[in-house]
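Please have the viewer open as you read.

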Amino acid sequence: MASDKPVSMMDAKTRYSLVDAQGTETLQGTGRVLLDVECLEVMPDFAEPLLIMYRDMVQVSAGDHRVRVLLVSGEALVLS
């Protein structure tokens with residue numbers, strides 16, 4: 001039986017943090033990050049998943065073993 005969920009293009013362990021527009025860390029933890037055809041999905045070890053649609057991403061930058069995703073909301077998701 002086929003699944004309706006898209007196949008992940010990437011699945012990796014991560015540490016993540018969500019920083020608001022003022023630079024305050026509002027969320028952090030460890031879990032998994034998945035990329036599929038529709039969105040980036042952060043699957044925390046002990047919390048609800050965080051789904052980020054690609055259309056909500058303004059900029060993606062990388063350096064120092066981190067990926068920073070700037071969102072239209074002004075928040076930034078940092079993965080390491």
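Which residues make up the largest nonpolar core? In this predicted model, that core has 11 residues: Tyr16, Leu18, Val33, Leu40, Val42, Ile52, Met57, Val69, Leu71, Leu77 and Leu79. At least two of its residues come from each of the strands E1, E3, E6 and E7. In soluble globular proteins, nonpolar side chains tend to be buried together.

Tyr16, a member of this core, has contacts beyond its sequence neighbours that include Leu27, Gln28, Val42, Pro44 and Leu77.

Now to Thr14, which sits in strand E1, residues 10–19. Is Thr14 buried or exposed? Its relative accessibility is 7%, so Thr14 counts as buried. A polar atom of the Thr14 side chain lies 3.2 Å from the backbone oxygen of Ser80. Setting aside residues up to four places away in sequence, Thr14 touches Gly29, Thr30, Gly31, Arg32, Val33, Leu79 and Ser80.

Stepping back to the whole chain, there are 7 strands and 0 helices, in the order β-β-β-β-β-β-β. Along the principal axes, the C-alpha atoms fill a box of roughly 45 × 25 × 25 Å.

Here are some percentages for the protein chain.

| Property | Value |
|---|---|
| Buried residues, of the 80 residues | 28% |
| Residues 24 or more positions apart, share of contacts with a separation of 6 or more | 31% |

Terms used. Residues are numbered from 1 along each chain as its sequence is written. This is a predicted model: local features need pLDDT of at least 70, side-chain atom pairs count only at pLDDT 80 or more; totals for chains, interfaces and linings use all residues. Side-chain values use heavy atoms; hydrogens and water are left out. Helices (H or I, at least four residues) and strands (E, at least two) are DSSP runs, numbered from the N terminus. Buried means under 20% relative accessible area, exposed over 50%, partly exposed in between (1.4 Å probe, protein chains only). A polar contact is a pair of N or O atoms within 3.5 Å; within protein, one must be able to donate a hydrogen and the other to accept it, and residues adjacent in sequence count only if both atoms are side-chain atoms. Contact means heavy atoms within 4.5 Å. A nonpolar core is a set of buried Ala, Val, Leu, Ile, Met, Phe, Trp, Tyr and Cys residues joined through side-chain atoms within 4.5 Å.
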